[in-house]
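Please look through the structure shown below with its sequence beside it. The report that follows takes up strands, rings, charges and single residues in turn.

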Amino acid sequence: MINKLLFLLTLVIGISAFTGCTDSGQDGHEHAAAGEYYTCPMHPQVRSDKPGVCPVCNMTLIKVDGSASKTETGIMLTDQQRKLANIQTYKVVTGKIGDMSTLTGEVVLNQNATESITARVPGRIEKLMVWSIGEKVRKGQPLYQIYSEQLLAAQQEYLLALQQESINLSGLKQDLAASSRQKLLLWGMTNGQINQLAKTGKASPRVTYYSPVSGNITELAFREGSYVMEGSVVFQVSDLTAVWVQAQLYPGETGLQFQKENVRIVAEAYPKDTLAGQLVLNSPVLETNRQVNLATFKVDNMAGKLKPGMLAYVLIRQPLDAGIMVPKSAIIPGDMPMVWVENKDGSFEPRMVKTGSNNKDWVEINSGLKGEELVVSEGAYLLNSEYILKKGNDPMAGHNH
């Protein structure tokens, strides 16, 4: 008898517990009415029959009417809603989108505007008139003075020829004086110096040499007191009003097109300055052990900002065939990329699209849009959220490519 009573008591307690768990008024949680559920505006795949937070992004779930009609794909916004969401549209156009390739480069001297000033005769550097790398010099400015016994002998030979010419005006004597003068010119003396030599009749082993070009000193190989041989580079002068940028190309990049209108140069030190670059040389030979070749671009540097040794980037836009393009901000990415299109009645509808090439600003549309349609370029994500709030599901749910 006691066992029977215990069995009945246990059965009653079990039934009470079961009914207590299923009664919405007993557990303290608000349950959704029939046809309603809670979802995340950013992750519509999340659904719950009671309030809470999204397990993906921790946003508060919102309640939607699941019994509402899902046949309409568009939504309408009031003028106030458009302003608050900052909805902006862009008319679809046909144009050319180019892939942007970025090459790493370095600012180097313009070799076509660089002059090596060499010693014309052997001797000793007696005096330097220019001391520092980077110093500006003008054409005709004195650079250094050299002491040369060889140059002294050549001057004396010229003076002797002039003396003989004054005694005997035969053609032979005139030829000797002319050849001696030509030798002095070849050894670096100027016409003015030679004329002064002829006027004074005094030869000197110390001769000053002048810059043949204007520019900046980019190499200074000797100091005062140094002995130089004939042909030794004493100075290097470069015109920095135009410099070169040498960029590294890997084998897979050798097919890039370098039309002037497609090339832009940006120095790392001046990221806001975009400069035009003109291809000077595209080396056909790979550098030893590096598997790269060099493309050289000429860049205007009248402002003097670019200095040899600076890091620079070469941006090359490769043109493609004309096609429909939209701003990159209009695309909502995913397994099924989509855009929002504004209809003539002012409503907005989602449109699945197939994308093609893209760059930093634009995306090519291969299918899904027609020319002259209006796509939402700003506020597309807010439209997506508004759709989920009103419709209760993802605008592209059930669509396939």
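Strand 9 and strand 12, the latter covering residues 215–220, pair in the antiparallel sense over 2 bridges. Two strands are said to pair if DSSP finds at least two bridges between them, and both strands (E, at least two residues) and helices (H or I, at least four residues) are DSSP runs numbered from the N terminus. Within this pairing, Val137 stands opposite Gly215 in strand 12. The two strands belong to an open sheet of 4 strands, arranged in the order 7-14-12-9 with antiparallel pairing. Strand 7 (114–118) and strand 9 (136–137) are the edge strands of this sheet, since each of them pairs on one side only. As background, the side chains in a regular strand alternate between the two faces of the sheet.

This is a predicted model, in which local features need pLDDT of at least 70 and side-chain atom pairs count only at pLDDT 80 or more, while totals for chains, interfaces and linings use all residues. Residues are numbered from 1 along each chain as its sequence is written, and side-chain values use heavy atoms, with hydrogens and water left out.

**A covered strand**

Strand 20 (residues 323–327) is mostly covered, for 5 of its 5 residues are buried. Here buried means under 20% relative accessible area, exposed means over 50%, and partly exposed lies in between (1.4 Å probe, protein chains only). Strand 20 is joined by 3 bridges to strand 5 (residues 93–95), and the two run antiparallel. Strand 20 also pairs with strand 24 (residues 362–367), again in the antiparallel sense, over 4 bridges. Which residue of strand 20 is the bridge partner of Thr94? The partner is Ile324, and Ile324 in turn has Ile365 as its bridge partner in strand 24.

**Aromatic rings and charges**

The structure holds 2 aromatic pairs. Rings of Phe, Tyr and Trp (its six-membered ring) pair if their centres lie within 6.5 Å, and planes under 30 degrees apart count as stacked, over 60 as edge-to-face and the rest as tilted. The table sets out the two ring pairs.

| Ring pair | Centre to centre | Angle between planes | Kind |
|---|---|---|---|
| Tyr144 and Tyr209 | 5.3 Å | 10° | stacked |
| Tyr144 and Phe235 | 6.1 Å | 35° | tilted |

Because Tyr144 lies in strand 10 (residues 142–147) and Phe235 in strand 14 (residues 233–238), their pair ties together parts that are 91 residues apart in sequence. Tyr209 lies in strand 11 (residues 206–210), so its pair with Tyr144 in strand 10 ties together parts that are 65 residues apart in sequence. Both Tyr144 and Tyr209 are buried, and Phe235 counts as buried as well, at 0% relative accessibility. For Tyr144 the relative accessible area is 1%. Taken together, the ring pairs link Tyr144, Tyr209 and Phe235 into a cluster.

Two other rings have a charge over them, which is the case if NZ of Lys or CZ of Arg is within 6 Å of the ring centre and within 35 degrees of the ring normal. The charged end of Arg124 sits over the ring of Tyr147, 5.0 Å from its centre, and Lys305 lies over the face of Tyr270, at 5.2 Å from the ring centre.

Val341 is found in strand 21 (residues 338–342). Is Val341 buried or exposed? It counts as buried because its relative accessibility is 1%. Val341 and Arg351 are 10 residues apart along the chain, and their C-alpha atoms are separated by 6.8 Å. Leaving aside residues up to four places away in sequence, Val341 touches several residues, among them Phe348, Arg351, Leu369 and Val375, where contact means heavy atoms within 4.5 Å.

**Positive phi angles and cysteines**

Most residues other than glycine have a negative phi. Asn58, however, has a positive phi of about 70° although it is not a glycine. Asn58 is found in the loop between strand 2 (47–48) and strand 3 (62–65), and at 57% relative accessibility it counts as exposed. Asn86 likewise has a positive phi, near 55°. Asn86 is found in the loop between helix 2 (79–85) and strand 4 (88–91), and it is partly exposed, with a relative accessible area of 43%.

The structure holds 0 disulfides, a disulfide being a pair of cysteine sulfur atoms within 2.5 Å. Cys54 counts as buried at 2% relative accessibility, whereas Cys57 is partly exposed, with a relative accessible area of 29%.
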